Amino acid sequence: MCAIMGLVGRQPSEDFDRAFSTLKHRGPDATGRWSAPFSENWTVQLGHHRLAIIDVDSGHQPLTKGKTTIVFNGEIYNFRELGQDLQVEWKTRSDTEVLLELFRREGVEAFNKLDGFFAAAFIDEQAGSITLARDPYAIKPLYYAPLSDGGLMFASELSPFLYTSHFKPQLCREATEQFLFWEHVPFELTTIEGVFKLLPGHFLVWKNGLLSVKKYHHIENLIQQKRSPISSSDLWNQLKQSVERALISDVPVGILLSGGIDSSLLALAATELRGSGLPTFALGFKDKNFDESQYARQVAKAIGSTHYEKIVSEDELFDRWRDIVLSLDEPLADPSILPTRLLFELASDQVKVVLGGDGGDELFAGYPTYFAQQLHPLLAAIPKTIFEPLRSMVLRHLKLSDTYQPLSWKLKRLVGRFDRDPVRCHWRWMSVTDSPTVSHLTQRPFDPFRGIDREQLDPDDLQTFLLMDLRYYLGYSVLTKVDRASMAVGLESRPPFLSQPLVRQAFQIPSEQKLDGSEGKVILRDLVRSKLGSQIADRPKRGFAIPLSRWLKGPMRPEMQALLKDNALFDAHIINAEATRNLWQEFISGSGDHARTFWSLLVLTQWLKRLS
């Protein structure tokens, strides 16, 4: 796990080291640099900050074999099997060398053989080309920008692009509008004009000033597989194989344990594989309305782990919000990043690698939105002449409390964001700021769906919505949060649910084994029920919730009033000041579900200070 950076230009960049230093937190164990003249009077500069996990002593980067050099961020779970098939004399014991050799032999065809996660760059001096590649589920980030002289810059985070003379950073209007809807910046966009994300499952080839981007992994094929019922024991065996691969490490490994379905199964599988005593980590809250630490303790006791727990107060969490938000290289408005960062800080005191349950909700129908989707045909059957007055009444008269997702909040979201197009409806239910509200704030037509490929999507099939969330929500939001929060403290987080064999198997499981009435993750719950009891299996799902609405109306109110009075977004005519202030009054009165909208604006305005 590391940070990578590269710059190709007509001459070496004098500010390469300054930009490269912004990535040091991602790889505190070692730093490597490599530079060389390149084809057609180009110069290549590479940098690598290392978090040493596998082959600690000799797995350093950049690594060169023959005329090809690699910098690589990630972990390849199946590198040992791939290495045996290649049958060469290895200089290291690292997955980096295996990946490099595989690419030398097979080129971009190598990427579909990998099980794990990666963002990698390959410099082929003989061909005069550079190839970038990113894993299929966006577990690891990779940004790039074409330069004015025809060169190329790439990096693991957005921050280095702010510290080079190649850019005069400007805020991207479209990315800002998308950010308000999604609470993250989706697709290939970034908040900086002219800098892009390499899409997951894609590779980029640069040669002599020209670049092309192509797809190598067709994630949409997952829902074309034949489906048939599977036994809990077969799924358990596959999950254990994924966990076994994810446990490969030359440094200590622990488990993030919430006491929920996904993390409990990972912890149990790891214990069966490695024995009792594995370290587990949990965060709890002094406010009992948000605390779930008792369930993590229950699981830890059942499996005999060495359990580490931190109970935080609301004041402690609040005191950290600004420094955590300001540490983000790109705006991300998921408020759960605050407790997530504290959890990773706890774990980093004991281990360098943790396993987490990310992906379980998207593969096995864990989000409440999937239950709501079952109601869509019923709502769609209501004539517009009846439904629209009902919607207006709910939005106008139903007041919201500041508790966690009260019934009034659920009803407002269900009815107020209903769309007769089921695909659009799914995203409106999932979004932070509803699309009409974004249009109202920006005073421009807004379409949040321009980057979504609707081909082969069946709105009557639950698996369609699972695929959408796996493709568009998990990587750009959840895994971005996990990457930034973990790498900020030099910790690697691995998601065993996203190993390639397990993902394929999950989409072969029929929908009725995932969602049954109001119960999601049916087959996973059955596993937990049989192994850890019904108290863990049947408890309601709850994420890392924080009292955001109460904060905004209370201790954050002066900050919000300053934001509403003087704001760079108003000055740039990206957000309309009067519309924003009217929305604030709706929120304060309890008639509008706008807490996450104003948190997003607060995060964005804090981040904008970096551009000034």
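Visitor: Where does proline 62 lie?
Guide: Proline 62 is in the loop between strand E3 (42-50) and strand E4 (63-65). Keep in mind that this is a predicted model.

Visitor: And what kind of peptide bond joins glutamine 61 and proline 62?
Guide: That one is a cis peptide bond, with omega at about -5°.

Visitor: Okay, another loop. What's the phi of glutamate 183?
Guide: Phi is near 75° there, a positive value in a residue other than glycine. Glutamate 183 is in the loop between helix H4 (173-182) and strand E10 (196-197).

Visitor: Let's switch to pockets. What volume does the second largest pocket have?
Guide: Its volume is about 430 Å³.

Visitor: Which residues lie nearest the centre of that second largest pocket?
Guide: Those are Leu395, Asp434, Thr437, Glu586 and His594, out of 21 residues that line the second largest pocket. Helix H14 (407-416), helix H16 (435-442) and helix H24 (577-589) are the elements that give two or more residues to this lining.

Visitor: Which element gives the largest share?
Guide: H24 does, with four residues in the lining of the second largest pocket.

Visitor: Is the crossing of H24 and H25 left-handed or right-handed?
Guide: The crossing of H24 and H25 is left-handed.

Visitor: Which residues make the contact?
Guide: From H24 you have Thr580, Leu583, Trp584 and Phe587, and from H25 there are Ala595, Thr597, Phe598 and Leu601. By class, the contact of H24 with H25 has six nonpolar and two polar residues, with no charged ones.

Visitor: New topic: how many cavities of 30 Å³ or more does a search of the whole structure find?
Guide: The search finds four of them. The largest cavity holds about 140 Å³ of space.

Visitor: Which residues are closest to the centre of the largest cavity?
Guide: Tyr143, Lys197, Tyr476, Thr480 and Arg484 are the closest, among the 17 residues that line the largest cavity.

Visitor: Which helix gives the most to that lining?
Guide: Helix H17 (residues 462-487) gives the most to the lining of the largest cavity, five residues.

Visitor: How many of the lining residues are charged?
Guide: Six are charged, and the lining of the largest cavity also has nine nonpolar and two polar residues.

Definitions and conventions: Residues are numbered from 1 along each chain as its sequence is written. This is a predicted model: local features need pLDDT of at least 70, side-chain atom pairs count only at pLDDT 80 or more; totals for chains, interfaces and linings use all residues. Side-chain values use heavy atoms; hydrogens and water are left out. On a 1 Å grid over the protein atoms alone, a cavity is a set of points where a 1.4 Å probe fits but cannot get out, and a pocket is an open set with protein on both sides within 12 Å along at least five of seven lines; lining residues have an atom within 4 Å of a point. Grid points are joined across faces, edges and corners, and a volume is the space filled by probe spheres set on the points. A crossing is left-handed if the near helix is turned anticlockwise from the far one by less than a right angle, and right-handed if clockwise. Contact means heavy atoms within 4.5 Å. Ala, Val, Leu, Ile, Met, Phe, Trp, Tyr, Cys and Pro count as nonpolar, Asp, Glu, Lys and Arg as charged, and the others, Gly among them, as polar.
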